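Let's take a walk through a protein together. Keep the sequence and the picture at hand as you read.

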Amino acid sequence: MAMHQPDWEARSPWTTNKGISEVRISPPKSIVSGTIRVPGSKSLTNRALLIAALAEGKSQLNGILKSDDSYWCIQALIKLGVSVDIDGETAYVDGCGGNWPNSSGELYMGAAGTVARFLPAALAIGRGKWTIKGSKRLSERPLAPLISALSAQGASFNYLEAEHRLPYELDVAGLKGGIVKLPGSMSSQFISGVLLAAPYTQAPLIIQIEGEIVQRDYVQLTLDMMSAFGITPQVSEDGQSIKVPSGTYQAQTLQLEPDVSTCCYFWALAALTSGCVRIDGIDARKTSQPDIEMLDVLERMGCMVQRGENFVEVQGTQQLKGGFTLSMKKWSDQTLTIAALAPFTDGPITLTDAAHIRHHECDRIAAICSELSKLGIRVEEHQDGLTIYPGEPLPVLVDSHDDHRMAMALSLIGLRVENIRITDPGCVSKTCPGFFEQLSTLGVEVIY
Ligand SMILES: O=C(O)C1=C[C@@H](OP(=O)(O)O)[C@@H](O)[C@H](O)C1
Ligand SMILES: C=C(OP(=O)(O)O)C(=O)O
């Protein structure tokens with residue numbers, strides 16, 4: 001069967017494993033017990049970078065993620081004329097105060113949904129003409145609701161290939177403000193994207209959200225980051241309307257949290273190996289990153305979880321429990337992780353409310369069903385999720401679909417079964433370039 005070809009152009013200089021066609025994963029030879037540090041959150045990094053670029057003054061962002069998604073965000077900001085200096089995991093951003101120094105050029109978004117959805121509104125507050133391009137997959141991912149909202153606000157989109165898709169030319173001369181209506185059922189990122197630029201519209205802006213929002217907590221992450229830089233929007237009691245005051249973000253020095261979505265693979269590792277993995281730098285009771293919900297599910301499966309003030313430790317168990325249904329609406333990035341844990345539990349697991357992940361880095365529902373089937377695991381595909389049955393995976397070659405989360409989730413199968421082969425391990429660099437290295441540090445056999 002033909003495997004998905006990587007989109008090499010979207011891999012940044014921060015990628016790892018470039019050109020390596022497959023990786024082979026086998027279980028650790030001894031009990032896993034370790035403490036690790038996980039790189040900064042993609043969601044926090046790209047929000048903080050963009051807000052710092054729009055702010056007045058010089059921000060210092062500590063603990064940034066250095067991955068493809070943040071690289072393309074930084075490159076776009078540099079092309080807009082903002083100075084961004086990286087020293088280790090710290091970014092120094094000299095904000096433009098809402099006046100982009102440059103007004104034209106070509107901007108490449110890589111494969112980053114956050115960049116493609118956050119940047120257009122921020123560009124549209126200024127005057128200029130930009131050509132916006134992205135990876136092949138990003139060019140298939142939905143943008144229409146954001147484009148309609150920005151068009152009604154005064155931005156003009158000229159599509160170079162297909163309507164409402166990347167690549168396009170963007171002609172901008174400021175955003176009017178007032179009421180903006182946006183649906184939230186396809187992606188929360190459209191709402192975050194408009195919010196981030198909203199303090200700079202000509203009149204104060206009010207977002208009216210039509211219907212429900214998937215992964216709503218990511219909108220809260222946006223609101224929290226805006227507040228940290230001095231602009232605090234008001235949210236109506238029912239959560240459907242958000243009023244953003246006019247103003248200018250003020251530069252900050254911030255410490256960003258580790259990426260909880262990445263942490264989940266390592267907590268799942270402990271779960272699957274009866275091992276113990278502690279991750280420093282996370283306070284489970286305080287973080288707003290939605291994927292922290294994974295800890296409750298691991299407990300439900302029988303793991304022991306210790307939530308410390310600045311760490312989370314997961315201790316696995318001999319037999320994981322299954323036999324339940326979970327809604328993934330609020331934290332759907334972990335759908336694939338749970339699907340990879342499910343074969344090793346004692347009962348079927350059904351994951352629901354995740355239809356929108358068909359529009360992520362790949363059609364994630366179809367992709368995970370296809371790869372679990374290749375592994376000999378019984379799965380049923382639903383429009384909005386899947387059911388996975390317990391089983392014994394076969395040692396076969398599986399396809400990462402050029403999707404970091406497919407690769408990281410599928411690698412969990414190799415913690416229980418010798419010689420699980422995964423194509424294109426380099427795709428993890430979208431959010432965690434050091435993923436396989438860290439697996440290996442914890443004693444997992446990783447062979448290229
Ligand atoms: O705003 C963000 O940082 C994100 C929002 C979510 O996307 P959608 O709301 O598009 O599903 C999530 O899946 C993605 O990994 C990060
Ligand atoms: C959906 C994801 O990414 P993006 O920011 O490209 O939407 C993801 O990281 O799982």
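Predicted model: local features only at pLDDT ≥ 70, side-chain atom pairs only at ≥ 80, totals over all residues.

The protein is divided into two parts: domain 1 (8-39 + 258-447) and domain 2 (42-255). Notice that domain 1 is written as two stretches of sequence. The C-alpha centres of the two domains lie 29 Å apart. Where they meet, 25 residues of domain 1 are in contact with 24 residues of domain 2. On the side of domain 1 that touches domain 2, you will find nine nonpolar, eight polar and eight charged residues.

Next, look for helix α1, which runs over residues 42-54. From its first C-alpha to its last, α1 reaches 18 Å, close to the 18 Å expected for its 13 residues. How is this helix placed in the structure? Because 13 of its 13 residues are buried, α1 is largely enclosed by the rest of the structure.

Now find D333, in the loop between β18 (324-327) and α9 (335-341). An unreviewed UniProt entry gives D333 the annotation "active site". Is D333 buried or exposed? It has 25 C-beta neighbours inside 10 Å, and a residue with 20 or more counts as buried, so D333 is buried. Leaving aside neighbours within four places in sequence, D333 is in contact with S261, D291 and R405.

Key. Residues numbered from 1 in each chain as written. Chains lettered and ligands numbered in written order. Helix = DSSP H or I, 4+ residues; strand = E, 2+ residues; numbered from the N terminus. Expected span 1.5 Å × (residues − 1). Buried ≥ 20, exposed ≤ 12 C-beta atoms within 10 Å, placed from the backbone. UniProt positions renumbered as here; feature names shortened; annotations may be inferred. Contact = placed C-beta atoms within 7 Å. Domains from an automatic or database assignment. Nonpolar A, V, L, I, M, F, W, Y, C, P; charged D, E, K, R; others polar.
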